[in-house]
Amino acid sequence: MNERVVLSAEGIVKRWPNGRVVLDGVTLSIMEREVVAIVGANGCGKSTLLSVLAGLESVHAGSVRLRGQPAALPNVDARASRQEERVLRAHRARVGLVFQQYHLFPHLTVGANCMMGPQYGLGLHVSEAAARARAALLRVGMHEAFDRAVTELSGGQQQRVAIARALANTPEVLLLDEPTSALDPQRTREIGALVRELASESATTMVVVTHDLELARDVADRVVFLDAGRVEAELPTEQFFGSQDAAIREFLAHA
Amino acid sequence: MVCSAIAAAQSTLDDIRTRGVLRYAIDPSGGAPFAMPTVEEPDVLTGFEVELMQLIGAELGVRVEPITGDWLALVDLLKSERADLAINGFEVTEERALEVDFSAPYYVYDQQPTIRSSDRARFPDFASTRGNSSGTSVFVPVATLNGAASVDVLLEFGWPRERIQEYDDGLLPYTELKAKRVDLVVQDSIVAAYYAGSDAELLNLAPLGKQGHYAALFRKGDNTLREAFDQALARLKASGELAALYRRWKIWTQDQASIGIVDRAEIVGNTETTANADGAAASRAFSWPAVFWALAKACVNTIVLTVVAMPLAVALGVVLAIAMRSQFRRIAWPARVYVAVVRGTPLLVQLYLVYYSLPALGLWLAGHVPSLDAIVNIQSALTWPAFLVAIVVLAGNYGAYEAEVQRAGLDAVPGGQRRAALALGLSHRASLWRIELPQGFRTVLPATINDLNSMIKDSSLVSLIAVPELMQVALGIGKATLMVPAVLVAAAAYYLVLSLAADVFARRLARARGLRDSTGRFAHLERATR
Ligand SMILES: Nc1ncnc2c1ncn2[C@@H]1O[C@H](COP(=O)(O)OP(=O)(O)OP(=O)(O)O)[C@@H](O)[C@H]1O
Ligand SMILES: [Mg+2]
């Protein structure tokens, strides 16, 4: 495995305005072409961690780097300078995040959803943006829906479009938040297959947050176990599922 | 620049001669026989004062142009130099003399009491409306024109204020009399002759012998213009032309001789019998096709006003909504204050202030900041045409309402939308314009359509300033033809049609779906959720 670090977080601390600590010193590195699964109980901070990695959250301490470059995460009590804003925007455009609730743009067509990032995030020409959008939709098998309204699509189709929208930016790393949680068993299998396919494509670096341990076992090279905002364990997949650690055993038993 | 300084030093009369146009302030909705829109061509006025001004213009060798506005605002039109003089049944009073200069009188009126014909036995004369034969005071409820000399006369005769009902136009008091809301109307004889004289239900009692004069109004100290006007008027009085004009409008009385009007009816020929020359009769001629056509033409102004002002209002509303949501107080507060003030004050007052105060502000600035006046003639720069003022004020007023609407729209967009846009690398601005606003706009489209509808109707308020729109023309024609209710119903039908058309248009807009076209552009409105 190539040991070059694509995305890393160091000592991330984040509290909600109500004082609750959600991330309590998280340090993590994602290597090139690596697929990492993040698992943990409900509410342990998985989604928040992905948001931090994608550059969407302000933090109290710590830093996130993409290929060694700091992402200029906003500090909670200071306003970002223009320069910092620009660095942060570039970071966001190069990290693809697929939300747990998709957050597709309901007023736009499928194609327009996927063109947003290339056109206004990367600043590409419309024709180039359209080409990227088509290519991304092709990868998730939704290229025929280019001109349809996203509100007409089923949940599974919406998840595919959400993934394509993130892929259209050709991100260095793709962050997937519970890609199968909102779907019925049939759709879960289909999306699971898609995630496996994306993972097997040699160039994809991916972080998958999931409750689906089978999926984690299939796609992940490494598993990160998060508990109450802290990284409790970080093990190669085989070792994680065979671990004798009491906390891990208990988590695996209940999941 | 230099020439503007010279022009300022010149008298109004010189300005008028240079321009070739004398502008007079007059209210066409105030009613016959003074001034009113013609049914055939609502922009063209008729009435005895309109014709008098044409004669004056001919004497002075200039064209005359009516500047129309609400009667109570005519003095402001004069003061703000939007008009050179005002002429519209202004009685010569001491209070007015403090504000303006009067021309020589051009008409002598008396105060004319009017009762219902059926009350003939109850009120044989004016005295019986004040007290009965046994000496007890009665003081029947009386209606009259707002701000007219008749109010002072009634007070003089002992009427308590609360028994005097004042109306904004000369016709309404008679309508109220017929509806038995009042038992007496006291108004200038000329108004009484026109409205009550031809109505069998109404009876004019003997005039009260409280003669007064009508005169034109000039800005204080504008003497050269006033004197030129007076000389022209004197020639018309002496030649018999003025008397002929008054006979044609059926307002000639023997009293007129007291201000030097020479009657040469015998010499000129009996004009009264010539049907064509009967201005009063002509203005009362009524035909539905002509009225509908006149209203349709007036509709154009209403439509243009709305079509231009509403998009501006929405644009302003969006900008204000964004500003109000800003985390910077220096941006949010001015926007909030603007919205609060504009929503909290009547549109009518805003129109009035902008229209009449801007030129005054220009005059003040020109006097106090001469360096600015050297660059541009401030006063004329600030003397916006009425139509522009109407659009700006309507847009500014509705912009405040739209600000709240659009803010609600933005608030309704789920936070995840913004996060998703930012996650793709969009700037805050791109997220706002490409993602949040289009969705917010779609959510509040029904409220915006509502605003569009009320603007169509509120545009009638701009007749306060000189914009002849549907309502002003309808009232003017209605009063001239003594058919106010019928013409108002016709106008209402037009408003209804306009409002329904606006609904249909807006619904189409809502259905339009944002598909990319061949060039790759895409609209951001998508098929309404079914
Ligand atoms: N804006 C917020 N303010 C306060 N608390 C929040 C906020 N957003 C999330 N939380 C809380 O922070 C905790 C972590 O949330 P997060 O969404 O990261 O958990 P998660 O591990 O993704 O959970 P799940 O498995 O349910 O998706 C949760 O308890 C959640 O209720
Ligand atoms: Mg989550």
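**Entry 1. The magnesium site**

I looked up A:Q100 and found it partly exposed, with a relative accessible area of 25%. I use buried for under 20% relative accessible area, exposed for over 50% and partly exposed for values in between, with a 1.4 Å probe and protein chains only. The model is predicted, so I note that local features need pLDDT of at least 70, that side-chain atom pairs count only at pLDDT 80 or more, and that totals for chains, interfaces and linings use all residues. Residues are numbered from 1 along each chain as its sequence is written, chains are lettered from A and ligands numbered from 1 in the order in which they are written, and side-chain values use heavy atoms, with hydrogens and water left out.

Which protein donors does the magnesium ion (ligand 2) have? I found A:S47 through OG and A:Q100 through OE1, lying 1.9 to 2.4 Å from the ion. The two come from distant parts of the chain, 53 residues apart: A:S47 is in helix α1 (residues 46-54) of chain A, and A:Q100 is in the loop between β6 (95-98) and α3 (110-121). Donors are N, O and S atoms within 2.8 Å of the metal (3.2 Å for Na, K and Ca); water is not among the atoms, so sites may look incomplete. A:S47 also counts as partly exposed, at 27% relative accessibility.

**Entry 2. Chain A as a whole**

I recorded nine helices and 10 strands in chain A. These are DSSP runs numbered from the N terminus, helices being H or I of at least four residues and strands E of at least two. The radius of gyration of chain A is 18 Å, close to the 18 Å that the globule rule gives for 255 residues, so chain A is as compact as a globular protein of that length. That radius is taken over C-alpha atoms, and the rule is 2.2 Å times the number of residues to the power 0.38. Along the principal axes, the C-alpha atoms of chain A fill a box of roughly 50 × 45 × 40 Å.

Of the 255 residues in chain A, 53% are buried. Among contacts in chain A with a separation of 6 or more, 65% join residues 24 or more positions apart; contact means heavy atoms within 4.5 Å.

**Entry 3. A:S243**

I placed A:S243 in the loop between α8 (237-241) and α9 (246-254) of chain A. Is A:S243 buried or exposed? At 10% relative accessibility, A:S243 counts as buried. Neighbours within four places in sequence aside, A:S243 is in contact with A:L235, A:I248 and A:R249.

I recorded 23 helices and 14 strands in chain B. Buried residues make up 52% of its 530 residues. For contacts in chain B with a separation of 6 or more, residues 24 or more positions apart account for 73%.

I then looked up B:V108, which lies in strand β7 (residues 107-109) of chain B and is buried at a relative accessible area of 3%. Its C-alpha atom is separated by 9.4 Å from that of B:Q254, 146 residues apart along the chain. Not counting residues up to four places away in sequence, B:V108 touches several residues, including B:Q211, B:H213, B:T253 and B:I259.

B:T38 is in the loop between β2 (36-37) and β3 (45-46) of chain B. B:T38 counts as buried at 14% relative accessibility. Beyond neighbours within four places in sequence, B:T38 is in contact with B:V44, B:L45 and B:T46.
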